[in-house]
Amino acid sequence: MNGLDVKIVEFARELLKSHGYFVDNLWHVDDIHFICDQKNLPNITNNEAMEVFIIANEQFEGETGLGWPQLENALSCYLRRKALMAND
């Protein structure tokens, strides 16, 4: 991110915090790309990475929260869905 983007993100964090939101652990599409790289999985677009976050949110478990294992599971789920749709 460039300097302006960093300032915008920080402003958004502070705005959300001032309204009672916990925002100290924000995830970014680069985190999904990192998992792809680490696990030698196919590269996906930023839009596809956002779909992975949607899946992770749908499968959210309040007791364990959202962490790397949940993102890895959501990514696996997304890639299986994508493969099934490509075969139809």
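This is a predicted model: local features need pLDDT of at least 70, side-chain atom pairs count only at pLDDT 80 or more; totals for chains, interfaces and linings use all residues.
Buried means under 20% relative accessible area, exposed over 50%, and partly exposed in between, with a 1.4 Å probe and protein chains only. Residues are numbered from 1 along each chain as its sequence is written, and side-chain values use heavy atoms, with hydrogens and water left out.

**Confidence**
- The protein chain has a mean pLDDT of 92, and 100% of its residues reach 70 or more.

**Salt bridges**
- There are two salt bridges in the structure, each a side-chain nitrogen of Lys or Arg within 4 Å of a carboxyl oxygen of Asp or Glu.
- One joins Glu48 and Lys82, whose closest N and O atoms are 2.8 Å apart.
- Glu48 lies in helix H3 and Lys82 in helix H4 (residues 68–87), so this pair ties together parts 34 residues apart in sequence; helices are DSSP runs of H or I, at least four residues, numbered from the N terminus.
- Glu48 is buried at 14% relative accessibility, while Lys82 is partly exposed at 36%.
- Lys17 forms a salt bridge with Glu14, with the closest N and O atoms 4.0 Å apart.
- Lys17 and Glu14 are three residues apart in helix H1, and therefore about one helical turn separates them.
- Lys17, at 38% relative accessible area, is partly exposed, and Glu14, at 46%, is also partly exposed.

Key:
pLDDT is the predictor's confidence in each residue, from 0 to 100. Helices (H or I, at least four residues) and strands (E, at least two) are DSSP runs, numbered from the N terminus.
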